[in-house]
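Here are a few notes to read with the model open beside you. Take them one point at a time, and find each piece on screen before moving on.

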Amino acid sequence: MTSTSPAARAPLGVVADPVRLLRSWAPGRGSWFSGPQGTLLTRGARTLLPSGDADAVLAHLRGLRAGPALAVGALPFDPAAPAHLVVPEHVERADPLGAVLAAPGGAPVAGTARPIPEPAAYEAMVADALARMEAGALDKVVLARALEVVADGADGRVDPVPMLRELARRDPRSYLFAVDLPPERPGVPRTLLGASPELLLARRGTTVTANPLAGSAARSPDPDEDRRRGETLLASAKDRHEHALVVADVARRLAPVVDDLEVPDAPSLIRTPTLWHLSTTVRARATDPSASALHLAQALHPTPAVCGVPRPAAHAAITEIEPFDRGFYTGAVGWTDARGDGEWVMALRCGEVQGDRVRLWAGAGIVPGSVPADELAETGVKLRTLLDALGLDEA
Ligand SMILES: C=C(O[C@H]1C=CC=C(C(=O)O)[C@@H]1O)C(=O)O
């Protein structure tokens, strides 16, 4: 998550052991991020930034005379909703987590999961989206469902610490995050945590990278079957179309704010412990020093990997069809600094922990040809990332 030259590293703080940073994270006291570029632990909130306006954030960071000149936090799915960005008091950074943690993260949660909506109702939501497509109003929309897990017992509590460790043990190479959110109940920490496969946007110096994903298939424990499923996904016209809509939108929105945009002609396959995805790495150069990572991430967000095409119709369909407000799910989490460097990751395969409960979400891209039962199953596989970290079976 950080540049590798010593000069570029200095403002982010002391170089530390990534596993120690993981063990040091505690809810309510800071945020933790890790990805292929490095690990970041923040403590405290020196300033709560009043808005997610990228110009104002950059001006604030450039005006700081002491302490870490970076902002961390979360952007909501709805760009009109308030972002949560803080300038931490203290920052430590380390190399990527990389190594697999041997010990299981912690005790499973004893709790009850309630689907929102019921699985049959989610299939009806997908059918509704397909009807809208047939009527010509939409090319693609991403529809999500949620699970609300409540810990058993009067003094039940969901502890995000073992969950984060278990997420890290299962998939240390994903983008892992535990972001401290403003509490809704006094004294009860609220954490958004997850293991996302998708980079919305990173800027390091003049190098800009985005890695849109769309098009998914469940992994199989049988190696031959697993390979076959990946190959089938790569050859699927429906999934290639679903993916191409995202890449075209990312390229179109980046083009006016960067130079030397490179967009591969065809996607490649990536895998998480539970899913294959179609993936395209888009690269560009940013020469404008005022186009920070936050500016560029906001130029793209919400991409059709989480919203749809055309964006206004897809956003309206999501608001009408989904029975909840997504909040920070399908938003972005990450950091941006005074130089304009930063990394913003899609808030996917995540859950929000607060007191005795955790809400998990998963969505699927719907295009003509999508089958409601298949999309329900796909969201079930996506929910497994967090359910496994909780030690729960329900999907
Ligand atoms: C909306 C989610 O995934 C997105 C990212 C990758 C692949 C997706 C898909 O194939 O539908 C989704 O667009 C989610 O994980 O909740």
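1. Start with strand β5, residues 70-75, in this predicted model. Six of its six residues are buried, so the strand is largely enclosed by the rest of the structure.

2. Next, look at the partners of β5. Strand β20 (residues 332-337) runs antiparallel to β5, and six bridges join the two. To find your place, look for valine 72, which stands opposite tryptophan 335 in β20. Strand β6 (residues 84-87) also pairs with β5 in the antiparallel sense, over three bridges. In that pairing, alanine 74 stands opposite histidine 84 of β6.

3. Now zoom out to the sheet. Its nine strands form an open sheet with antiparallel pairing, in the order β4-β6-β5-β20-β21-β12-β13-β18-β15. Which strands stand at the edges? They are β4 (47-48) and β15 (259-262); each has a single partner strand, so one side of each is left without a neighbour in the sheet.

4. Follow the sheet along to strand β13 (residues 207-211). Four bridges connect β13 with strand β18 (residues 282-285), and the two run antiparallel. Here valine 208 stands opposite alanine 284 in β18.

5. Two helices deserve a look as well. Helix α7 (residues 237-254) lies across β13, β15 and β18, and runs at about 5° to β18. Helix α8 (residues 293-300) packs on the sheet too, where it touches β12 (199-204), β13, β20 and β21 (342-346). The direction of α8 makes about 150° with that of β12.

6. Finally, step back to the whole protein, with its ten helices and 23 strands. The radius of gyration is 20 Å, close to the 21 Å that the globule rule gives for 395 residues, so the protein is as compact as a globular protein of that length. Its C-alpha trace spans about 55 × 55 × 40 Å along the principal axes. Of the 395 residues, 50% count as buried. Among contacts between residues at least 6 apart in sequence, 76% join residues at least 24 apart.

Technical notes:
Residues are numbered from 1 along each chain as its sequence is written. This is a predicted model: local features need pLDDT of at least 70, side-chain atom pairs count only at pLDDT 80 or more; totals for chains, interfaces and linings use all residues. A residue is buried if 20 or more other C-beta atoms lie within 10 Å of its own, exposed if 12 or fewer, and partly exposed in between; C-beta atoms are placed from the backbone. Two strands pair if DSSP finds at least two bridges between them. Two residues are in contact if their C-beta atoms, placed from the backbone, lie within 7 Å. Axes are lines fitted to C-alpha atoms, for helices over the stretch in contact, and angles run from 0 to 180 degrees between N-to-C directions. The radius of gyration is taken over C-alpha atoms; the globule rule is 2.2 Å times the number of residues to the power 0.38.
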